[in-house]
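Subject: Structure handover

Hi,

Here is the structure I promised to pass on. Please load it before reading further.

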There are 2 protein chains.
Amino acid sequence: MTDTSAAPRGPLDDYRNVSVIGAGVIGASWAALFLARGLTVTVTDPRPDAEKQLHDQVHDTLPVLRALGLPVTDLTRNLRFETDLDKAVVDADAVQENGPEQLDFKQRIFARIEEATRPDTLLLSSTSGIRATRIAEAMKQPGRLVVGHPFNPPHLIPLVEVVPGERTDPAVVRRAVAFYTALGKKPQVLHKEAPGFVANRLQAALFREAVHLVAQGVVTEQELDSVVTSSIGLRWAVAGPFRTFQLGGGPGGLPYFLKHLGPGLESLWQDLGSPRLDQPTVELLGEQARGDESIAVLAAERDQAQIKLMQALGQTPPDDLAPATR
Amino acid sequence: MTDTSAAPRGPLDDYRNVSVIGAGVIGASWAALFLARGLTVTVTDPRPDAEKQLHDQVHDTLPVLRALGLPVTDLTRNLRFETDLDKAVVDADAVQENGPEQLDFKQRIFARIEEATRPDTLLLSSTSGIRATRIAEAMKQPGRLVVGHPFNPPHLIPLVEVVPGERTDPAVVRRAVAFYTALGKKPQVLHKEAPGFVANRLQAALFREAVHLVAQGVVTEQELDSVVTSSIGLRWAVAGPFRTFQLGGGPGGLPYFLKHLGPGLESLWQDLGSPRLDQPTVELLGEQARGDESIAVLAAERDQAQIKLMQALGQTPPDDLAPATR
């Protein structure tokens, strides 16, 4: 036997056992990432085919995890499936919830989870739209819950929006940030619970104008996508919108930029469209999206390009975040 | 003497001499790109210090051109400066105009340029906001003019929005696309003259919400930039917004996505902000943008990352677009 008592503590040593609520696409992606980081993962989901779906979906993440440089040999060795919720979370150091986006469901499940777990178990919800403040209303210790909203899929895209509720304990926020950072993620704490948080609001704002331009016949979907990937997409992968305009201002920075181009921006804002996703628009968008290649092939191509890009930017997991020692 | 009569024709052989109107940041960037592609470039600008500014700015593009793999040795060998507009364009195969964004200026200058050039000289305007239809109103042959709006800076970012006016000759549009493609650019023809064209409208739409979120205190500028570069920016460098949502729909594609997430998107649209760039907002944005590092250092870092990313995606100039044979 090897004496490992002197091994240095790794950043994930406080989170050896993680429970994942919900075996859908997001839950399975989280599970795969946790496993690749050396954690023991217990997944629970009441649907009859959930365990098989989970294994299929975890299997589907292997090419991406491998390309990211994460260890995938015998990945499901530490994966458990447990239909009983209380049993699934009893030993958890952290719980990542990915159930239906319904307030009453989330309120009920977290009220149960807080009873079934230790007081220091980190309670995280992947919700993209429900505030922690509301979910925690049914909890005895609302300070324990924080939103950890991943940008899909969590095993690939770095961002996690960490969104505290009004009663979330600041220490819980700090622990959530440390947990996600140790997983190689890029957590960002938000200061207010804006509906849709930040990334989805920005995405919705751009998509609204994209729908308008396609509906008006200025460009097709494919043409608009090509405009984005050959201009603003390239820019925003490297520098966000504020940094981009700051540098666009030259030595005078953002104040110079806003002074000279602000009026033009404001007049463009007046001209932006307000489309509805009504039946004719949805049909037009669906027709233009039709193509010869299968979605699976397109998705695999996109993922490979995504990883190349992230590697070029040094955004793939650093080596010092390898699985913690056992 | 070497007999070069049998050399194969290159894609830029019809455009040996290019004239650039205006020696500002955009004009100098175009000039540098044209030079790096082996063209002879004549720049005109009435400002007294324009020639020196031009050389300084072309010099500033060298690190980027070199990193892109373009030849930069003795780059300004074929660069001419000519204060007289008529002389500057008389031998031009193509003219790229980058003057002030004023309709009367552009109308006057293109009316003169069409007289001073051959009938087959390609006439291109870099305007970001004025329609070719309006500029061409003062021309005898309005069919000759087309907008070729670069995403800044043109020597680095691939997109050129090619925007015909109502009377632009379709053959001129095709030639503009061929010219920009031969330069290693990514031209995209728009079907209508929307104010701000496409890329700037999309950028403005996202930036409006970004300003709203910062003004509301949901995130700081730096935090919002970090959200973008760790999520949607990474995505949109690889796949535009429509492809992203098409793949987000799984096997059901965009129709499935819109059916299930469309209502949520529409309700987010209702909640997006409509900020103004009033004095308090401009001051807040300016304060948050303040940092210790100089704009020049930040810009150089951004450019290096930009080039790495483009290389990873194969978006840097392909080898077969090397300067045409002389």
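Below is what I found in it.

This is a predicted model: local features need pLDDT of at least 70, side-chain atom pairs count only at pLDDT 80 or more, and totals for chains, interfaces and linings use all residues. Residues are numbered from 1 along each chain as its sequence is written, while chains are lettered from A and ligands numbered from 1 in the order in which they are written.

Domains. Chain A splits into domain 1 (17–195) and domain 2 (199–290); the bounds come from an automatic or database domain assignment. Their centres, taken over C-alpha atoms, are 32 Å apart.

Interface. 86 residues of chain B contact 86 residues of chain A (C-beta atoms, placed from the backbone, within 7 Å). On the chain B side, helix 8 gives the largest share, 13 residues. Helices here are DSSP runs of H or I, at least four residues, numbered from the N terminus. That side holds 50 nonpolar, 22 polar and 14 charged residues. Nonpolar means Ala, Val, Leu, Ile, Met, Phe, Trp, Tyr, Cys and Pro; charged means Asp, Glu, Lys and Arg; the others, Gly among them, are polar.

Helix pair. Helix 14 (295–312) of chain A packs on helix 14 of chain B at about 150 degrees, axes 8 Å apart. Axes are lines fitted to C-alpha atoms over the stretch in contact, and angles run from 0 to 180 degrees between N-to-C directions. The two helices are therefore roughly antiparallel (over 145 degrees). Lys308(A), Leu309(A), Gln311(A) and Ala312(A) meet Lys308(B), Leu309(B), Gln311(B) and Ala312(B).

Best wishes

Notes:
Two residues are in contact if their C-beta atoms, placed from the backbone, lie within 7 Å. Angles under 35 degrees count as roughly parallel, over 145 as roughly antiparallel, 65 to 115 as roughly perpendicular and the rest as oblique.
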